[in-house]
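Dear colleague,

I am passing on the structure that I have been reading, and I would be glad if you could look through it alongside the notes below.

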Amino acid sequence: MPSSNHRRGYYRRQPNSNFTYVSPCVKYLIFLLNFIFWLFGGLLIGIGLYAFVDKWQLTGWVKLETVYDVILNISLVMVIMGGVIFIVSFAGCVGALRENTCLLKFYSLCLLVFFLIEMGIAILSFVFPHRMQTVLEENFTDQIIHTYRDDPDLQNFIDFAQQEFKCCGLSSEGYMDWSKNEYFNCSSPSVEHCGVPFSCCMNATDLSSRLVNIMCGYGVQTLTIAEAGKKVWTSGCIEVVRSWAEGNLYTIAGIALGAALSQLFVIYLSKTLEGQIELQKSRWAS
């Protein structure tokens, strides 16, 4: 019969049944971060669907024949982005909470793909800024100008961009880009023929009455650049945005670096949790 000292040593060597390799801090930090993004994704889906249905009821139709129609449909882009964020963050939430390694691997793989895409775009924009400007001008100028009046959401976005960045049109042709729009073309029977949108005007809003003069851009295309420059902004928005980005390069680089490091940190947390779960499973198996 073993002595009392021997029995005490025996019980002391028994493994703790409550011990786990899975860190609660890592587990619930991943859950909390993804829960916030899950709510954000759901909010984007809700707002996008509301805007899409509202536009459908307002115009009676929504054109979705080409890839450009999808990309330039802001409400649909919000739904797609919201759906991706919703699905990926949901996988992160459930994967962390239920300690499911399959969902965590899917989650970390999605984050890695997003990270590589973002880095690729950032590097191309930094190394080949003029080439990127040319690609954007060649592929999107005509499509955006043509659909300006057809999509209320896109129209509001363009007006906002032209007012904020003090530009007109998209390409290096500047305000003359609007000659490609059927309403602003000089051969158009519209009262806006040979004009540009009011958002191109330097002084579209009357300071005393706070009213917007929507006719301030009428007839601008018939003027020389020097004459037009007294009434409207003449530079294209893509060039202006590129110049703005170059002037704020350190700020943009800092934000991009912070976002990249945050993504890498979350990927690290996810892989750490995966390893802890696998270690715990191997302990149970033994």
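**Helix α5 and its surroundings**

The buried residues of α5 pack against α2, α4 and α10, where contact means heavy atoms within 4.5 Å, and buried means under 20% relative accessible area, with exposed over 50% and partly exposed in between (1.4 Å probe, protein chains only). Please keep in mind that this is a predicted model, in which local features need pLDDT of at least 70 and side-chain atom pairs count only at pLDDT 80 or more, while totals for chains, interfaces and linings use all residues. Residues are numbered from 1 along each chain as its sequence is written, and side-chain values use heavy atoms, with hydrogens and water left out.

The buried residues in α5 are Thr101, Leu104, Tyr107, Ser108, Cys110, Leu111 and Phe115. This helix has 27 residues and reaches 38 Å from its first C-alpha to its last, close to the 39 Å expected at 1.5 Å a residue, the expected span being 1.5 Å times one less than the number of residues. Helices here (H or I, at least four residues) and strands (E, at least two) are DSSP runs, numbered from the N terminus.

Gln263 lies in helix α10, which covers residues 249-285, and with a relative accessible area of 16% Gln263 is buried. Leaving aside its neighbours within four places in sequence, Gln263 is in contact with Leu111, Phe114, Phe115 and Glu118.

**Helix α2**

How far apart are the end C-alpha atoms of helix α2? They are 52 Å apart, which agrees with the 52 Å that its 36 residues (24-59) should span at 1.5 Å a residue. Its buried residues are Val26, Lys27, Ile30, Asn34, Gly41, Leu44, Gly48, Ala51, Phe52 and Lys55, and what covers them includes α4 (74-97), α5 (101-127), α7 (152-165) and α10.

**Between the helices**

Just after α2, Gly60 takes a positive phi of about 85°. Glu65 is found in the loop between α2 and α3 (67-71), and it counts as exposed because its relative accessibility is 66%.

Glu99, in the loop between α4 and α5, has a phi near 55°, a positive value in a residue other than glycine. Is Glu99 buried, exposed or partly exposed? At 23% relative accessibility, Glu99 counts as partly exposed. Lys166, which is placed in the loop between α7 and α8 (225-228), also has a positive phi, of about 55°, although Lys166 is not a glycine.

**The chain as a whole**

The protein chain has 10 helices and zero strands. Its radius of gyration is 28 Å, whereas a compact globule of 286 residues would have one near 19 Å; the radius is taken over C-alpha atoms, and the globule rule is 2.2 Å times the number of residues to the power 0.38. Along its principal axes, the C-alpha trace spans about 110 × 45 × 40 Å.

Of the 286 residues, 33% count as buried. Among contacts between residues at least 6 apart in sequence, 70% join residues at least 24 apart.
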